[in-house]
Structures are given as C-alpha cells and as structure tokens.
Amino acid sequence: MKLEKSAAAFELAKKFMPGGVNSPVRSYQNVDCNPPFISRAKGSHIFDIDGNNFIDYVGSWGPMILGHANEKVVDALKKAVERGTSYGAPTELETELAKLVQKFYHSMEVMRMVNSGTEATMSALRVARGFTRREKIVKFIGCYHGHSDSLLVNAGSGAATFGEPSSPGVTVGTAKDTIALPYNDIAAVEKIFNECGEQIAAVIVEPVAGNMGLVLPEENFLQTLRDVTKKYGAVLIFDEVMSGFRVTVQNKITPDLTCLGKIIGGGLPCACYGGKAEIMRNVSPDGKIYQAGTLSGNPLAMTAGIETLKILIETPKFTENLTAKTSKLLAEIKKVAGVEIQTPQAGSMFCIFFSDKKVRNYADAAASNQAQFKKWFIAMLDQGIYLAPSQFETLFVSAAHTDEDFAKTIDAAKIAFKELI
Ligand SMILES: *Cc1c(COP(=O)(O)O)cnc(C)c1O
C-alpha cells in the first residue's frame, strides 16, 4: 500500500495541530503507521490522496449508517445551503427533527439540540444535578461520554473508587464527584447506592458499550440501574450517542434522559439530549438550568438529520436487514479466523477482540491481545479494508455495504489471520 502523499500531508499537519489531527485516535499512534489522508468517500468506500480505495467499517465513527454521500441527504443539503447556513433563530426544521427523534425514542418528551455528543452528555448531567440538587454521578469504567471534565474520570479497577482525573486539567475537585464502577457489576452498583444513594444525582451509562470495543449489557444490569435510580430519586441517563438508531434497548427499559449524537446529524455536527418533561422543563428559558448554543439546531445539520432518519423510517425492515447483514459478515469472519477471537454484535455494531474469553468489562477488553490486533489491523489496511486503529473501538456496517464488499473483506481477513499464526 502506497501512503506517500498521506505521509507528507501528515508531516505538514503535525506543524499545526497536536498529533496532526483534530481528534486523537485519528493519528494512528497505537498502530505505528501513518493515517491515510482522505479525499472523498462514497457509499461503503473511502478514498485517500494516494489513490487508495478502502472498504470502510469506521463510518466516521458511527454516523454514516446510510453509507457516505447518500444521494437524498446530499440533494437536500445542496438545497438547504442555498437558503443560508445559519440564522441563530428558530426554524420549522428543528421541530421536524424532534418529531422524528420521538418516533424512535418515545421517552424523549422534551429535547434540546446541541452540536456534539460531548455537549449532550455534559448538559444532561447539569440538568440531572440541577433537578435533583445533588452533586455526585455514577459512570462505568470504559464507557466514554465525551470529553467534559466530570466525565473524563475513569478511576482504578476493582471495587468502587472515588474519581481520579483521567486527564491533566480535570481538577481533583471535579473528579471527586464522579464515581466509576466496572461495567456489568450489579453488586458494585447496589453497594454504592446503599452507601450514598441520597447524594447521587445521576447514573450515566452506554446501554450498549461501544467505547471499550463492543461490550453488551448482561441480563439485569440495566434493569438494576433503573431500579436503584428510581428507589433513590436519581436520574438515569442512557448515553446512546453511538448506539442510538442502531440498537433498540428502550423497549425494555426506559431511562429518564437520553443522549443522542452521531447518526442524528447524518454526518453533520448535531446531537441531542432529552427525556421526561418534568425534568427537561427545568432547562432555560422554561427553567433555571442554563444551556445554549450559537449553532445549535443549525439548518444544515437539521436537514441532514431529517433526511437520514426519514430513510431509516421509510425503508422496510431497515434495522432487521442491517443486523442480519452484520451477523452474516461476523459468521464468515469467525470461520476463517484460526485464532481465538470474540465477535460481539449489537445491531449493525460489531467488534473483534483477540481474546479467548467473553469480554464483560474494561478489564477484560484491556486483557485482549493487542499485538495480534495491531498486526491484523495493518494487514487489513494493506488489503484495502479500513478499520478503526484500536482494539477499543466499535466497527459499523452501513446500508451501502454490498455482498461484494463482504467477499473482499473475508478474503482479506483470511490472509490477515494467517499472519498471526
Ligand atoms: C462519540 C461519543 C460521545 C461523544 O460525542 P462527540 O460528538 O464526539 O462529542 C459520547 N458518548 C458516546 C457513547 C459516544 O460514542
């Protein structure tokens, strides 16, 4: 694989941006290779400036559920851009998108559009704290909720640990109000609520965890979160920024607040938080909890989101078909593996852990074979398969992936797996 032009572009970019990138994982530091610099993308394919053509399983980290540059989305955007790119004033588009969101998420009675998943979770926490007049929050180790201070806290392993900042710049004062527990650990949740349930404003969780690789919730984990938060008057927040519109968890368990992002903007910057009217009516200007945004509800982002969600709704069996496609791909990958792998799947989300045991939490994910992952990643990239450059990321199948893409992916996987043995 030739990456000469990308290598030069990367050197230049490094002069201007930390690591040459505007979001750390793009720099490929984990895999000792230069990132391809992208020139365009269409459908299931992404193209770099050296002329390489990859089959894309990253999908801009989740948003591109329809594939890249979907014609309907692009056409609507072209028309929208002619009408002006931002007004900072209300439009009918915002209500239209909110209505579509509510079709998927009935529990979101009242919602607010923002510009990134980080903003959505940060704002939801503020609302939970303002509503309950409490300060502590519970999160789970290995769940990522964006980079706001309260949530950049991981804490150690094992039993309940009061927060340690996971980044310089997050103050000890902020971190001490964040309690981080192991994912899927029901006993740890019950213990912390017994100890200080009356001080806990919110539990925030990825109901399907996609930021430590893909880790599924076990039987009763989410139900326990629902039960204890109800009992102690804390707010349950589902961070569905990644899983939203791909996986259905809310038909069984209803959170108080939900955060959405990625797919909701159809590839443009947009996210959303919302839930029970009783809680959301405390947001300014209905209530006193302040939250605002110059570009929030921006007409281009609303348009891309509306077109994307409409297609999801109007295409018969959209989710079922995408899920079935993903299962088929994973079954084939398992067949050709020849090394021990785990292939968790939730809807069109999947991941490949190089591990011989089921991954239940962050500690299990971290124990998987990183050296094998790295070799596999490079071998796949070399053969034109574009995967996330880290074992701790989820991969995505889009509606644009074809049987031919899958056949090429399996052929490449066969060769990549052989290099590990
Ligand atoms: C991506 C992600 C975020 C952060 O969203 P940004 O738009 O990158 O700020 C938050 N929560 C989850 C679960 C995510 O996957």
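These legends accompany close-up views of a predicted model.

View 1. The residues around the ligand are Ser116, Gly117, Thr118, Tyr144, His145, Gly146, Glu206, Asn211, Asp239, Val241, Met242 and Lys262. A backbone N or O atom of glycine 117 is 2.8 Å from a ligand oxygen atom, and a polar backbone atom of tyrosine 144 is 3.3 Å from a nitrogen atom of the ligand. With asparagine 211 the side chain takes part: one of its N or O atoms lies 3.1 Å from an oxygen atom of the ligand.

**View 2. The four-stranded sheet β1-β2-β3-β14.** This sheet is open, and its pairing is mixed. Its edge strands are β1 (38-42) and β14, each of which pairs on one side only. Strands β2 and β3 are antiparallel and are joined by three bridges, whereas β3 and β14 run parallel and are joined by two bridges.

View 3. The hairpin is formed by β2 and β3, with four residues between them. Glycine 51 lies in the turn and has a positive phi of about 90°. Isoleucine 55 can be followed across two strand pairs: histidine 45 stands opposite isoleucine 55 in β3, and in β14 the bridge partner of isoleucine 55 is isoleucine 385. Aspartate 56 stands opposite tyrosine 386 in β14.

**View 4. Helix α1 against β2.** In helix α1 (residues 4-16), the buried residues are Ser6, Phe10 and Ala13. Seen down the helix axis, the buried residues of α1 fall within an arc of 65°, so they line one face of the helix. These buried residues pack against β2. The exposed residues Glu4, Lys5, Ala8 and Lys15 are on the face of α1 turned away from the buried side.

**View 5. Helix α13 and what covers it.** Helix α13 (residues 403-418) has 16 residues, which at 1.5 Å a residue should span 22 Å; the C-alpha atoms at its ends are 23 Å apart, in agreement. Buried in α13 are Asp405, Phe406, Thr409, Ile410, Ala412, Ala413, Ala416 and Phe417. The elements covering these buried residues include strands β2 (45-48), β3 (53-56) and β14 (385-386), together with helices α10 (318-337) and α12 (370-382).

**View 6. The three-stranded sheet β12-β13-β15.** This open sheet has antiparallel pairing. Strands β12 and β15 (395-396) stand at the edges with a single partner strand each, so one side of each has no neighbour in the sheet. Two bridges join β13 to β15 in the antiparallel sense. Leucine 395 in β15 is the bridge partner of phenylalanine 350.

**View 7. Serine 348 between two strands.** Serine 348 is in the loop between β12 (345-346) and β13 (349-350). Its relative accessible area is 2%, so serine 348 is buried. The side chain of serine 348 makes a polar contact of 2.8 Å with the side chain of arginine 246. Leaving aside residues up to four places away in sequence, serine 348 touches Arg246, Leu322, Thr323, Thr326, Leu395, Phe396 and Val397.

Definitions and conventions: Residues numbered from 1 in each chain as written. Predicted model: local features only at pLDDT ≥ 70, side-chain atom pairs only at ≥ 80, totals over all residues. Heavy atoms only, no water. Buried < 20%, exposed > 50% of the residue type's maximum accessible area, 1.4 Å probe, protein only. Polar contact = N/O pair within 3.5 Å; in protein donor to acceptor, adjacent residues only side chain to side chain. Contact = heavy atoms within 4.5 Å. Expected span 1.5 Å × (residues − 1). Pairing = 2+ DSSP bridges. Arc of directions from axis to C-beta. Near = heavy atom within 4 Å.
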